[in-house]
Amino acid sequence: MSPLLDVRGLVQRYATAKPLFGKANDIRAVDGIDLTLHEGEILGIVGESGSGKSTLGRMLLGLERPWQGEVRYRGQPMPAPGSADWRKLRADMQLVYQDPLAALDRRMTISRQISEPLEIHGLAKGEDARDRVAALMARVGLRADQADRYPHELSGGQRQRVVIARALASRPRFLVCDEPVSALDVSIQAQVVNLLRELQERERLTMVFISHDLKVVRNICDRVAVMYLGRVVEIASSDRIFSDPRHPYTRALVSSVPKPGQGLDGRIILKGEPPNPASRPSGCAFHPRCRHSDAGCAATRPELAEHDGRLAACLKLGHARPVAA
């Protein structure tokens with residue numbers, strides 16, 4: 001079965017301003033990523049801030065054109081942003097934003113904002129559109145009397161439900177959720193995560209779930225890709241990632257997840273801060289913070305390779321196919 005989404009050699013580079021002395025350094029926010037995503041799957045993307053998660057999400061939707069590499073959707077190359085073919089795809093793929101208040105127009109009622117995609121894509125109008133909006137609101141747990149309210153009159157969880165309803169209005173097949181619960185308190189987070197899982201199962205949606213909250217990712221995702229400085233360093237099923245992480249960076253992330261009734265004695269504390277993307281370390285980008293690194297890690301960059309039923313990029317695992325940095 002061919003994948004819904006196929007990503008090969010994806011690179012995104014941003015030019016920096018030239019300093020007074022010296023030369024400008026380009027930043028590679030995404031640095032050579034290969035991914036496949038199958039129909040009905042939820043793929044989690046995790047990593048520290050600045051690892052390139054959100055940039056990758058926008059590229060998967062075709063909102064940013066890659067500097068190198070290709071994104072293929074249903075076997076076809078992603079059209080250029082703004083083209084007629086690209087606009088046709090907008091109904092089939094949607095983004096759920098991190099900050100619902102910023103994502104909504106404060107001057108428009110809830111019902112008007114949910115109906116907007118229907119009008120843009122010519123899917124419904126008049127009474128049909130009103131019925132569709134009412135059905136969408138009920139599906140995400142909003143009351144009918146909230147249709148004429150404005151975003152500031154709703155709670156954070158209710159606003160996020162509006163964002164989800166608007167994203168579902170065009171009946172998309174592919175959804176990218178970019179930190180969709182990070183702005184919500186814990187009790188509301190659980191409600192929104194349960195809603196997304198229920199909608200995914202009911203609508204057979206394919207989702208990319210971007211988050212730094214590993215507890216949420218574990219609850220909703222089928223597979224997890226771990227990113228560090230623009231690259232995927234490990235990808236496996238959610239169960240394998242959380243029960244038996246192999247890459248040193250993944251182990252550090254998983255060790256930071258609190259477990260009921262257990263202390264943090266076994267937590268792995270990483271050394272220093274993530275490197276500057278404009279001045280990447282040689283070899284393995286993680287080696288300056290890795291307690292297992294040696295001279296070989298500083299000289300050779302590992303590539304993703306199969307290791308015990310997962311893909312990981314670490315020379316210490318013994319199965320990586322190294323290339324010169």
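Start by selecting strand β3 (residues 42-46) and strand β9 (residues 223-228): the two run parallel and are joined by four bridges. Helices and strands here are DSSP runs numbered from the N terminus, with at least four residues of H or I for a helix and at least two of E for a strand. Two strands count as paired if DSSP finds at least two bridges between them. Click on V46 and look across to β9, where V226 stands opposite.

You're looking at a predicted model, in which local features need pLDDT of at least 70, side-chain atom pairs count only at pLDDT 80 or more, and totals for chains, interfaces and linings use all residues. Residues are numbered from 1 along each chain as its sequence is written, and side-chain values use heavy atoms, with hydrogens and water left out.

Now bring up the whole sheet. It is open and mixed, with eight strands in the order β6-β7-β8-β3-β9-β10-β13-β12. At the edges sit β6 (93-96) and β12 (305-307), each pairing on one side only. From one strand to the next, the twist averages 20°. Angles run from 0 to 180 degrees between N-to-C directions, using axes fitted as lines to C-alpha atoms, for helices over the stretch in contact.

Next stop: β7. Which residues cover its two faces? F174, V176 and D178 are on one side, L175 and C177 on the other, and all are buried. Buried means under 20% relative accessible area, exposed means over 50%, and partly exposed lies in between (1.4 Å probe, protein chains only). Because five of the five residues of β7 are buried, the strand is largely enclosed by the rest of the structure.

Check the neighbours of β7 too. β6 pairs with β7 in the parallel sense over four bridges, and L95 stands opposite V176. On to β8, which runs parallel to β7 and is joined to it by five bridges; here C177 stands opposite F209. Follow the chain from β7 through α7 to β8 and you trace a right-handed β-α-β crossover. Right-handed means that, with the strands pointing away from you, the path from the first strand over the helix to the second runs clockwise.

Select that helix, α7 (residues 186-203). It packs on the sheet, touching β3, β7 (174-178) and β8 (206-210), and its direction makes about 160° with that of β8. Contact means heavy atoms within 4.5 Å. Colour I188, Q189, V192, V193, L195, L196, L199 and Q200, which are buried. Seen down the axis of α7, the buried residues fall within an arc of 160°, so they line one face of the helix; the arc is that of the directions from the helix axis to the C-beta atoms. Their cover includes β3, α5 (126-139), α6 (156-168), β7, β8 and α8 (214-220). Turned away from the buried side are the exposed residues V186, N194 and E201.

For another helix, pick α10 (residues 248-255), which lies across β3, β9 and β10 (231-237) and runs at about 110° to β9.

Finish with two loops. Between β9 and β10 you'll find L229, which has a positive phi of about 50° although it is not a glycine. At 7% relative accessibility, L229 counts as buried. Then go to R74, in the loop between β4 (68-73) and β5 (76-77). Phi of R74 is positive as well, near 50°, and at 42% relative accessibility R74 counts as partly exposed.
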